[in-house]
Amino acid sequence: MQPHIIARPDHTISRKEISSAALKVLYGLKDAGYFAYLAGGGVRDLLLGRDPKDFDVATNATPEEVKKVFRNCRLIGRRFRLAHVYFHREIIEVSTFRAPTPADDEARSDQHVVAESGIVMRDNVFGSPEEDALRRDFTVNALFYNIADFSIIDYAGGIEDLENKIIRVIGNPATRFTEDPVRIIRALRFAAALDFEIEESAREAIRAQAERLEDCSSSRLYEEIQKLFACGKSHRVFELAAELGVFEHLFPELGAWLNAPDGESKTHWLEKTFAQIDRWRAAGFRVDPALLFALVFGEYHEWIARHIMAEEDIPHADALVEATHRHIRQLDRIRIPKAATHHIAEIMAGQPRFLTTTPKNAKRMLRHRSFLDAFLYFKFAARATGRHEKELEWWEEQRKKK
Ligand code: ATP
Ligand code: MG
């Protein structure tokens, strides 16, 4: 297939917007006689006038050949072999053009292993630029910027979809989501972050395939969920996740609890939580992932804790710790690291303790290593519910005195 080529005068990407590290890699490869394309999210974001998070490079040089071009280069990756070129403040990821992963489990070579569920376990088969573009997830993520003539190469119709603000799966959505269910979450993230619509057949496939998220690696899901929190539009992501039936497959217990008859008031808390996460993000405030999970799960953990206290005579703080561990133990889909789980439990345990406004308690609490995150939670909860205004004020005073 002939790609659509947009020559330099007909698009807006200028080299000034590309980091000097990425330019060095692109020119280094080109001067060594290879194809050198800027690929993926970098091209997409530049065309949208947004600041790219990072620049990825695609080339026909093999990882070993890339390593020969750059001294500051290391090969990494188990699932895919990639080259990382190191600069002072930046790492440029260079990947060799790859062939698309086969839709069925007819492996094309012994390097291709497809598990029974249809998930591709390993692929390291090099391919043409066209194949590399078409194996990518969405049309807007499949654009190349060619350093040889500063043109944009579009194999998948990404330019048109960018203009129309559409997230469109390359190929058959059902097949592509089966191959890698994480693409479902990526679709939500890009649609929310870029303020795009998900194309209709992809929406249908998401609804039909969302339960496949159960087959994903739990550590990959943990990472993807962090990206959802960090995308700046987590509120919209979770609206979409609810609308397309994804939410309950990410957080099954929480989802079931929300879907119970009196769920209306419960989603209120979540909406405020996501709005807060986005405000922190907009202000450039880096928040510990444990605090984000504590907030998202917060009301549900409070609810479990009330049940525990109805059965056992234990303090509220201890019940909250127990509630956190019970839920997270069940949550086998997302591998929340042990240290983070512990931190979530401490944040929760802190909540009832903020209701005791004595100097002795202040001294003890302020010294605690989870104090700040627990306090951020308390402040959020007080404002979200309109409760504990006096205590909040008192603790603000104590912090100033410290
Ligand atoms: P971000 O701004 O979040 O970095 P991105 O589009 O660059 O967005 P990455 O996760 O950095 O996303 O991936 C880089 C590129 O690799 C994507 O643009 C896409 O072309 C391709 N890609 C990433 N993950 C997948 C996947 N699961 N399936 C197919 N292609 C993928
Ligand atoms: Mg990227």
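This is a predicted model: local features need pLDDT of at least 70, side-chain atom pairs count only at pLDDT 80 or more; totals for chains, interfaces and linings use all residues.
User: What makes up the protein chain in helices and strands?
Analyst: The protein chain has 19 helices and 12 strands. Helices (H or I, at least four residues) and strands (E, at least two) are DSSP runs, numbered from the N terminus. The C-alpha trace spans about 70 × 45 × 40 Å along its principal axes.

User: How many of the residues in the protein chain are buried?
Analyst: Buried residues are 52% of the 402 residues. Buried means under 20% relative accessible area, exposed over 50%, and partly exposed in between (1.4 Å probe, protein chains only).

User: What share of contacts in the protein chain joins residues at least 24 apart?
Analyst: Of contacts between residues at least 6 apart in sequence, 67% join residues at least 24 apart. Contact means heavy atoms within 4.5 Å.

User: Which residues come nearest to ligand 1?
Analyst: Arg44, Lys53, Asp180, Arg183 and Arg189 come nearest, out of 16 residues around ligand 1. A residue is near a molecule or strand if one of its heavy atoms lies within 4 Å of it.

User: How do you know that Arg44 makes a polar contact with ligand 1?
Analyst: A polar contact is a pair of N or O atoms within 3.5 Å; within protein, one must be able to donate a hydrogen and the other to accept it, and residues adjacent in sequence count only if both atoms are side-chain atoms. An N or O atom in the Arg44 side chain is 2.8 Å from an oxygen atom of ligand 1. That value is within 3.5 Å, so the pair qualifies. The side chain of Lys53 also places an N or O atom 2.8 Å from an oxygen atom of ligand 1. For Asp137, a backbone N or O atom lies 3.2 Å from a nitrogen atom of the ligand. The protein covers 83% of the 590 Å² of accessible area that ligand 1 has on its own. Accessible areas come from the Shrake-Rupley method with a 1.4 Å probe; for residues, only the protein chains shown count as cover.

User: Which residue classes and helices make up the shell around ligand 1?
Analyst: The shell divides into 1 nonpolar, 3 polar and 12 charged residues. Ala, Val, Leu, Ile, Met, Phe, Trp, Tyr, Cys and Pro count as nonpolar, Asp, Glu, Lys and Arg as charged, and the others, Gly among them, as polar. Helices α2 (41-47) and α7 (182-194) each supply at least two residues. The largest share, 4 residues, comes from α7.

User: Why is α16 called largely enclosed?
Analyst: Because 12 of its 16 residues are buried. Among them are His343, Glu346 and Gln351. Their cover includes α9 (218-230), α14 (289-311), α15 (316-330), α17 (359-367) and α18 (371-385).

User: What makes α18 mostly covered?
Analyst: In α18, 11 of the 15 residues are buried, including Phe371, Tyr377 and Phe380. Gly386 follows α18 with a positive phi near 70 degrees.

User: Why is Asp195 called exposed?
Analyst: Its relative accessible area is 53%, which is over 50%, so Asp195 is exposed. Asp195 lies in the loop between α7 and β12 (197-198). Its phi is positive, near 60 degrees, in a residue other than glycine. Most residues other than glycine have a negative phi.

User: Where is His388, and why is His388 called partly exposed?
Analyst: His388 is in the loop between α18 and α19 (389-401). Its relative accessible area is 27%, so His388 is partly exposed. His388 has a positive phi of about 55 degrees, although it is not a glycine.

Terms used
Residues are numbered from 1 along each chain as its sequence is written. Chains are lettered from A and ligands numbered from 1 in the order in which they are written. Side-chain values use heavy atoms; hydrogens and water are left out.
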